[in-house]
Amino acid sequence: MNTTGFLAPTWPNAIRRNDLQTSTTRRQPLRNARRVLTASAAVSTEAPLLVRAGRGEPVPRPPVWMMRQAGRYMKVYQELAKRHPSFRERSEVPELSIEISLQPWRAFKPDGVILFSDILTPLPGMGVPFDIPDRGPVIDPPLRTKEQIDAVHELDCEKTAPFVRETLQALRKEVDGQAAVLGFVGAPYTLATYCIEGGSSKSYTTIKKMAFTEPQLLHTLLTKFADNIADYCIFQIDSGAQVVQMFDSWAGQLAPMDYDVFAAPYQKRVVEKVKKAHPEVPFILYISQGGTLLERMAATGVDIVSVDWTVDIADARARLGSDVMVQGNLDPAVLLGSKQLIKERTLDVIRKAGRTGHICNLGHGVYPTTPEENVECFFKTVQEFSWD
């Protein structure tokens with residue numbers, strides 16, 4: 001009996017509460033794939049450090065990159081943005097996206113170079129227009145009726161996002177194996193939140209009202225987004241991404257029982273489809289304010305759970321177990337402090353996370369006011385660390 005008051009997803013692999021409690025068996029095929037890869041010396045030695053860590057292979061130090069590492073805190077980006085004020089131009093014109101993606105690579109040599117884009121980028125290819133003015137993303141009109149949601153269609157990545165392929169291919173060539181190229185996507189629930197709210201929100205009341213009064217309408221949209229986002233993720237991997245991260249930024253605003261119904265099954269649907277096509281590619285899931293959801297996040301089948309700074313990373317590792325890798329989780333505000341503080345806190349994260357299966361990162365995106373020399377200090381602290 002469904003006691004939540006909502007209509008649960010109807011496909012056979014929907015996550016049930018018991019699945020979230022005992023997920024090791026469901027993840028086993030993915031772990032077996034990693035063990036096969038680990039056994040191959042050629043793969044292990046040729047893959048970038050971040051890929052090896054994401055597979056759980058031994059590494060001399062944790063790889064390091066930062067969420068939002070390309071962008072607003074860098075002076076070179078600010079100068080470029082003055083010449084090209086449209087965010088969509090900066091993210092959808094390959095020459096600009098490539099340049100912006102490489103700015104932190106040239107400055108700090110992170111172990112991951114992430115595509116400069118936005119989680120909303122694939123929406124027009126589904127029939128959902130959007131813009132990103134200075135005040136934040138705008139979807140006009142928002143998706144609130146059956147007719148609007150029925151009109152959301154299948155995504156043809158080759159036709160509607162060729163610039164993503166061109167950018168990723170160029171990044172692979174530019175970094176030449178010295179770093180991993182990362183792709184990323186927005187999770188179905190977060191995309192639905194933007195589309196139903198019409199942009200950013202502080203209360204999320206419009207999507208929650210739909211969830212609580214017209215749940216099947218929301219499930220229809222989430223299913224469409226899940227299938228399209230999985231295809232978009234596969235497209236990014238086919239184009240050169242060696243690691244992918246899925247952001248479910250607003251899923252942390254859900255009560256756990258609502259997460260089980262409206263977020264987790266659709267995350268799982270994306271992961272399963274991507275892993276069927278590319279079992280060897282490490283898959284990361286990040287949820288802001290997701291500290292209470294770590295076990296549920298792992299149950300979706302991802303390889304790596306990205307942890308925000310509200311959870312001690314030693315506790316996260318204990319809760320997730322050795323089969324799940326972790327990413328994070330320095331408080332980005334620490335980079336506003338002294339260099340001594342940055343070094344101490346970064347080393348604390350590394351040591352608590354342990355020798356294997358850790359990608360060093362912030363617990364959220366880097367703040368716009370962060371001094372570049374402090375970012376450099378963070379990167380150097382990790383790059384100069386050794387487990388030997």
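How many of the 388 residues of the protein count as buried? The share is 59%, where buried means under 20% relative accessible area, exposed over 50% and partly exposed in between, with a 1.4 Å probe and protein chains only.

## Model and overall make-up

This is a predicted model: local features need pLDDT of at least 70, side-chain atom pairs count only at pLDDT 80 or more, and totals for chains, interfaces and linings use all residues. Residues are numbered from 1 along each chain as its sequence is written, and side-chain values use heavy atoms, with hydrogens and water left out.

The protein has 19 helices and seven strands. Helices (H or I, at least four residues) and strands (E, at least two) are DSSP runs, numbered from the N terminus. Contact means heavy atoms within 4.5 Å. Among contacts between residues at least 6 apart in sequence, 73% join residues at least 24 apart.

## The sheet

Strands of a sheet pair through backbone hydrogen bonds, either parallel or antiparallel. Here the pairing is parallel. Seven strands form an open sheet, in the order β1-β2-β3-β4-β5-β6-β7. Two strands pair if DSSP finds at least two bridges between them. The edges are β1 (112-114) and β7 (358-362). Each has a single partner strand, so one side of each is left without a neighbour in the sheet. Neighbouring strands are turned by 25° against each other on average, direction ignored. For such angles, axes are lines fitted to C-alpha atoms, for helices over the stretch in contact, and angles run from 0 to 180 degrees between N-to-C directions.

Strand β3 covers residues 243-247. Five of its five residues are buried, so β3 is largely enclosed by the rest of the structure. V243, Q245 and F247 point one way. V244 and M246 point the other way.

Strand β2 (residues 180-186) pairs with β3 in the parallel sense over five bridges. V185 has M246 of β3 as its bridge partner. Strand β4 (residues 283-286) also runs parallel to β3, joined by four bridges. Q245 is bridged to I284 of β4. F247 is bridged to Y286 of β4.

## P188 in helix α11

Which helix holds P188? P188 is found in α11 (residues 188-197). P188 is buried, with a relative accessible area of 1%. Leaving out residues up to four places away in sequence, P188 touches L222, F225, A226, M246, Y266 and V270. M246 is also a residue of β3 that is buried. The C-alpha atoms of P188 and F262 are separated by 9.0 Å, though the two residues are 74 apart along the chain.

## Helices α18 and α19

Helix α18 (residues 339-353) packs on helix α19 (residues 372-383) at an angle of about 35°. Their axes are 9 Å apart. The crossing is right-handed. A crossing is left-handed if the near helix is turned anticlockwise from the far one by less than a right angle, and right-handed if clockwise. From α18, the contact uses K339, I342, K343, T346, L347 and I350. From α19, it uses E373, N374, C377, F378, T381 and V382.

T346 lies in α18. T346 is buried, with a relative accessible area of 0%. Apart from residues up to four places away in sequence, T346 touches L330, C360, F378, T381 and V382.

## Backbone points to check

Two peptide bonds are cis. D140 to P141 has omega near 5°. P141 is found in the loop between β1 and α8 (146-150). G328 to N329 is also cis, with omega near -10°. N329 is in strand β6 (residues 325-330).

R68 has phi near 60°, a positive value in a residue other than glycine. R68 lies in the loop between α4 (49-54) and α5 (75-83). R68 is partly exposed, at 46% relative accessible area. Y204 also has phi near 60°. Y204 sits in the loop between α11 and α12 (205-213). Y204 is buried, at 6%.

## Annotated spans

An unreviewed UniProt entry places the feature "domain: Uroporphyrinogen decarboxylase (URO-D)" at residues 63-72 and 182-198. UniProt positions are given in the numbering used here, feature names are shortened, and annotations may be inferred rather than shown by experiment. Residues 63-72 are 0% helix and 0% strand, with end C-alpha atoms 23 Å apart. Residues 182-198 are 59% helix and 29% strand, with end C-alpha atoms 28 Å apart.
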